[in-house]
Amino acid sequence: MSGLEQHKKLPEWSLESLFDEKVPLLKDFRGKPLLILFFYMGCPGCKGRAIPYANRLVYEKTNINVVGIHTRFEGRTYSDEELRSAKDEFHIRFPYYRDVHPATTFTLYEAGGTPHWILLDKDGNIVQSIFGSDPNKALLRIDLKINELNQVDIKE
């Protein structure tokens with residue numbers, strides 16, 4: 001886990017809309033766990049594993065919200081048009097937004113690179129913060145944490 005403290009709330013993100021919709025606040029997602037994906041279109045692991053994994057969660061796990069944040073801590077800048085066309089090119093089925101200037105939220109949330117994941121429980125508390133897209137490491141750990149959160153909700 002990064003320097004983020006487990007069981008604490010994240011500060012509000014700073015995001016820009018790519019599709020002319022209102023950018024939601026973190027509190028808008030309370031009631032269900034939230035998985036935040038920091039990604040960058042120049043990142044092969046993001047395009048090849050992270051985005052498909054997040055898409056799968058949207059279809060397979062209706063009890064979790066997924067939000068993407070396109071960020072740029074290094075590399076070229078992608079235009080809004082390029083980021084909008086990625087929705088069809090990569091079949092992105094979760095809402096995603098652009099990080100402000102170019103990595104404000106990425107830095108605030110102490111992300112380690114892209115892809116980086118932050119999992120919040122239904123009350124908005126940090127459960128996990130993890131870098132990577134290796135199916136046998138990062139993605140497996142995310143799956144396990146999501147399943148743990150779902151077990152807690154079933155018992156309540």
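# Contacts in a predicted model

Me: Does Glu 60 count as buried or exposed?
Reply: The relative accessibility of Glu 60 is 54%, and the classes used here are buried for under 20% relative accessible area, exposed for over 50%, and partly exposed in between (1.4 Å probe, protein chains only). Because its value is 54%, Glu 60 counts as exposed.

Me: Which pLDDT must side-chain atom pairs have in order to count?
Reply: Residues are numbered from 1 along each chain as its sequence is written, and side-chain values use heavy atoms, with hydrogens and water left out. The model is predicted, and while totals for chains, interfaces and linings use all residues and local features need pLDDT of at least 70, side-chain atom pairs count only at pLDDT 80 or more.

Me: Which residue meets Arg 56 in a salt bridge of 3.6 Å?
Reply: Side chains of opposite charge can pair when their charged atoms come close, and a salt bridge is counted if a side-chain nitrogen of Lys or Arg is within 4 Å of a carboxyl oxygen of Asp or Glu. Helices are DSSP runs of H or I with at least four residues, and strands are runs of E with at least two, numbered from the N terminus. Both partners lie in helix H1 (residues 44-60), four residues apart, which is about one turn of the helix. At 3.6 Å, N to O, the partner of Arg 56 is Glu 60.

Me: How many residues apart in sequence are the parts that Arg 56 and Asp 143 tie together?
Reply: The side chains of Arg 56 and Asp 143 form a salt bridge at 3.4 Å, N to O. Because Arg 56 lies in helix H1 and Asp 143 in helix H4 (residues 138-155), the parts that they tie together are apart in sequence by 87 residues.

Me: Which strand pairs with E4 in the parallel sense?
Reply: Two strands pair if DSSP finds at least two bridges between them. Strand E1 (residues 15-16) pairs with strand E4 (residues 96-99) in the antiparallel sense over two bridges, and there Glu 16 stands opposite Arg 98. The parallel partner, joined to E4 over three bridges, is strand E3.

Me: Is the pair of Tyr 53 and Trp 117 stacked or edge-to-face?
Reply: Rings of Phe, Tyr and Trp (its six-membered ring) pair if their centres lie within 6.5 Å, and planes under 30 degrees apart count as stacked, over 60 as edge-to-face and the rest as tilted. By this rule there are nine aromatic pairs, and in one of them Trp 13 and Phe 29 have ring centres 6.1 Å apart and planes at 75°, so that pair is edge-to-face. The ring centres of Tyr 53 and Trp 117 are 5.4 Å apart and their planes lie at 85°, so this pair is edge-to-face.
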